[in-house]
Amino acid sequence: PVRAGELVLIDAGCELDGYASDITRTFPADGRFTGPQRALYELVLDSQKAAVAATRAGARFNDPHDATVAVLAQGMLDLGLLDRKVYGNAQDVIEQRAFFQFYMHRTGHWLGMDVHDCGSYVEPSELGQSHERKDPLSGETITNRPSRILRPGMCTTIEPGIYVRPAAGVPEQFHNIGIRIEDDAIVTETGCELITRGVPVEPDEIEALMRD
């Protein structure tokens, strides 16, 4: 059952003429965000806006994800989801991957004739290049390869989120809040075109729509 005071997250899509879409919206069940819900929602939305700004021809596929993580890391510290005394500053959070507790997926994927469309995330012209690093959470050795260069006409999703499970050290007001905002983006020479913004994302617009 959906209860008053809870958030509803819908990840959906449709297919038209052989092409797929993928969109996620999060809204309050009773029409109004609580204070903690709005705070986290606005943080996710700010991180998505940073990712949108980073999505353009010539950028790397990883750039929107890195932009998202930078905003989320700082916001998690500012809101107290992560304790500064334990994790330090935003760069420390990123290097330690401490954000992974609340954000554990990538910011986008290819979109086209399938919802998760085929296509390499490694730049074909740089296949022989790589470097290794140790994952700070698992201790495993990770091989990094050059991320794909974005080109006009490519289509990708942009979908940051925050998911807060009850845990020691996590402020209670944020417990059990889950938020994701996902739009579909076509890469252009100067940026990207979002083709799913007919559904509102600003919290005030969502509340106004639900009042109607």
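This is a predicted model: local features need pLDDT of at least 70, side-chain atom pairs count only at pLDDT 80 or more; totals for chains, interfaces and linings use all residues.
**View 1. A three-stranded open sheet.**
Start with the strand order, which reads β7-β10-β11 in this open sheet, with antiparallel pairing. At the edges are β7, covering 155–158, and β11, covering 192–194; each of these pairs on one side only. If you follow the sheet from one strand to the next, the twist averages 35°. For a closer look at one pairing, find strand β10, residues 183–187, which runs antiparallel to β11 and is joined to that strand by three bridges. A handy landmark here is Val 187, which stands opposite Cys 192 in β11.

**View 2. Helix α1 against the sheet.**
Now bring in helix α1, made up of residues 35–54, which packs on the sheet. Which strands does helix α1 touch? The helix touches β7, β10 and β11. Its direction makes about 160° with that of β7. As a reminder from the previous view, β7 and β11 are the edge strands.

Setting aside neighbours within four places in sequence, His 131 is in contact with Ile 142, Thr 143 and Asn 144. One of these, Ile 142, is 11 residues from His 131 along the chain, and the C-alpha atoms of the two are separated by 8.4 Å.

Rolling a probe the size of a water molecule over the atoms shows where empty space is left. In this model the count comes to one cavity of 30 Å³ or more. About 70 Å³ of space lies in the largest cavity. Its lining is made up of these residues:

- Thr 55, Phe 61, Pro 64 and His 65 are among them.
- Arg 106, Thr 107 and Gly 108 also belong to the lining.
- Leu 150, Thr 156, Thr 157 and Ile 158 complete the list.

Which element supplies the largest share of this lining? That is β7, with three residues. Both α2 (62–79) and β7 supply at least two residues each. By class, the lining has four nonpolar, six polar and one charged residues.

Note on methods
Residues are numbered from 1 along each chain as its sequence is written. Side-chain values use heavy atoms; hydrogens and water are left out. Two strands pair if DSSP finds at least two bridges between them. Helices (H or I, at least four residues) and strands (E, at least two) are DSSP runs, numbered from the N terminus. Axes are lines fitted to C-alpha atoms, for helices over the stretch in contact, and angles run from 0 to 180 degrees between N-to-C directions. Contact means heavy atoms within 4.5 Å. On a 1 Å grid over the protein atoms alone, a cavity is a set of points where a 1.4 Å probe fits but cannot get out, and a pocket is an open set with protein on both sides within 12 Å along at least five of seven lines; lining residues have an atom within 4 Å of a point. Grid points are joined across faces, edges and corners, and a volume is the space filled by probe spheres set on the points. Ala, Val, Leu, Ile, Met, Phe, Trp, Tyr, Cys and Pro count as nonpolar, Asp, Glu, Lys and Arg as charged, and the others, Gly among them, as polar.
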